[in-house]
Amino acid sequence: MDGLPCLAHIITGTPDHSTEVAARFGAAWQMWYAKRELFMASGTLARSRWILVEQSVVPVLLSNTQCIALSQADLKRLDAVQVSMASMVLRDVRLPGEQWVPYFVRTRRAARLWLTCHSHSRWSALYLKRHLAWLGHCARLQGRLVEAMVHWRGLPWWRRRQRRIASGELHLCHDKRGR
């Protein structure tokens with residue numbers, strides 16, 4: 001293992017989480033295509049289908065991401081995925097003779113407008129709310145735990161510490177300044 005597992009998230013000591021973020025987007029699209037017939041079923045209201053999308057895709061996409069600081073590009077990508085899925089739920093068809101680019105722009109604008117009119121939050125706003133709540137919890141923690149989170153020592157330090165505890169050289173609760 002190349003990281004320390006914490007709350008179903010692998011802490012690696014590096015700020016680059018691009019592989020995990022890419023895996024989240026891939027898992028979200030897999031969930032979309034696995035339930036695509038349900039999300040695009042005719043005869044049901046688009047609002048009902050969108051609620052199903054939010055209940056099945058969003059947990060896959062945003063599960064435990066509050067621990068990760070997403071870049072601006074990732075936040076824009078979150079919103080683009082949301083609008084793309086919403087346009088497929090709305091099932092707009094191409095008009096006769098309509099070129100691909102105008103169709104794409106028209107359906108994406110209609111999807112953004114539909115999401116706004118029906119008071120659906122952007123997924124980037126949902127992520128930011130979760131991330132800031134997690135940071136607030138971290139800020140309210142007392143004592144050494146906050147210091148350990150802020151001053152990451154790296155995986156080799158943790159492995160040395162675990163070996164010292166396992167050998168009996170160091171007691172877990174009576175360590176002097178984490179050496």
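**Close-up views of a predicted helical model**

**View 1. Surroundings of Arg130.** Apart from residues within four places of it in sequence, Arg130 is in contact with Leu62 and Gln66 (contact: heavy atoms within 4.5 Å). The model is predicted: local features need pLDDT of at least 70, side-chain atom pairs count only at pLDDT 80 or more, and totals for chains, interfaces and linings use all residues. Numbering starts from 1 along each chain as its sequence is written, and side-chain values use heavy atoms, leaving out hydrogens and water. Arg130 belongs to helix H6 (helices: DSSP runs of H or I, at least four residues, numbered from the N terminus). With a relative accessible area of 33%, Arg130 is partly exposed (buried: under 20%; exposed: over 50%; partly exposed: in between; 1.4 Å probe, protein chains only). Cys67 lies 63 residues from Arg130 in sequence, but the C-alpha to C-alpha separation in space is 8.9 Å.

**View 2. Packing of H3 with H6.** The axes of H3 and H6 are 12 Å apart, at an angle of about 45° (lines fitted to C-alpha atoms over the stretch in contact; angles from 0 to 180 degrees between N-to-C directions). H3 and H6 are therefore oblique to each other (under 35 degrees: roughly parallel; over 145: roughly antiparallel; 65 to 115: roughly perpendicular; the rest: oblique).

**View 3. Packing of H1 with H3.** The axes of these two helices, H1 and H3, come within 8 Å and cross at roughly 155°. H1 and H3 are therefore roughly antiparallel. On the H1 side, the residues in the contact are Arg24, Phe25, Ala27, Ala28, Met31 and Trp32. They meet Val53, Ser56, Val57, Val60 and Leu61 on the H3 side. The contact of H1 with H3 comprises nine nonpolar residues, one polar and one charged.

**View 4. Packing of H4 with H6.** H4 and H6 have axes that come within 7 Å and cross at roughly 135°. This angle makes H4 oblique to H6. H4 contributes Leu75, Leu78, Asp79, Val81, Gln82 and Met85 to the contact, and H6 contributes Trp123, Ser124, Tyr127 and Leu128. Seven of these residues are nonpolar, two are polar and one is charged.

**View 5. The largest nonpolar core.** This core has 28 residues (buried Ala, Val, Leu, Ile, Met, Phe, Trp, Tyr and Cys joined through side-chain atoms within 4.5 Å). The residues with the most contacts inside the core are Trp32, Trp50, Val53, Leu78, Met85 and Trp123. Two or more core residues come from each of H1 (18–34), H3 (46–62), H4 (72–90), H5 (100–117) and H6 (123–140). H4 gives the largest share, eight residues. Not counting residues up to four places away in sequence, Met85 touches Ala28, Trp29, Trp32, Trp50, Val53, Val57 and Trp123.

**View 6. Glu98 in the loop between H4 and H5.** Glu98 is buried, with a relative accessible area of 12%. Its contacts, leaving aside neighbours within four places in sequence, are Tyr103 and Arg106.

Methods: Nonpolar A, V, L, I, M, F, W, Y, C, P; charged D, E, K, R; others polar.
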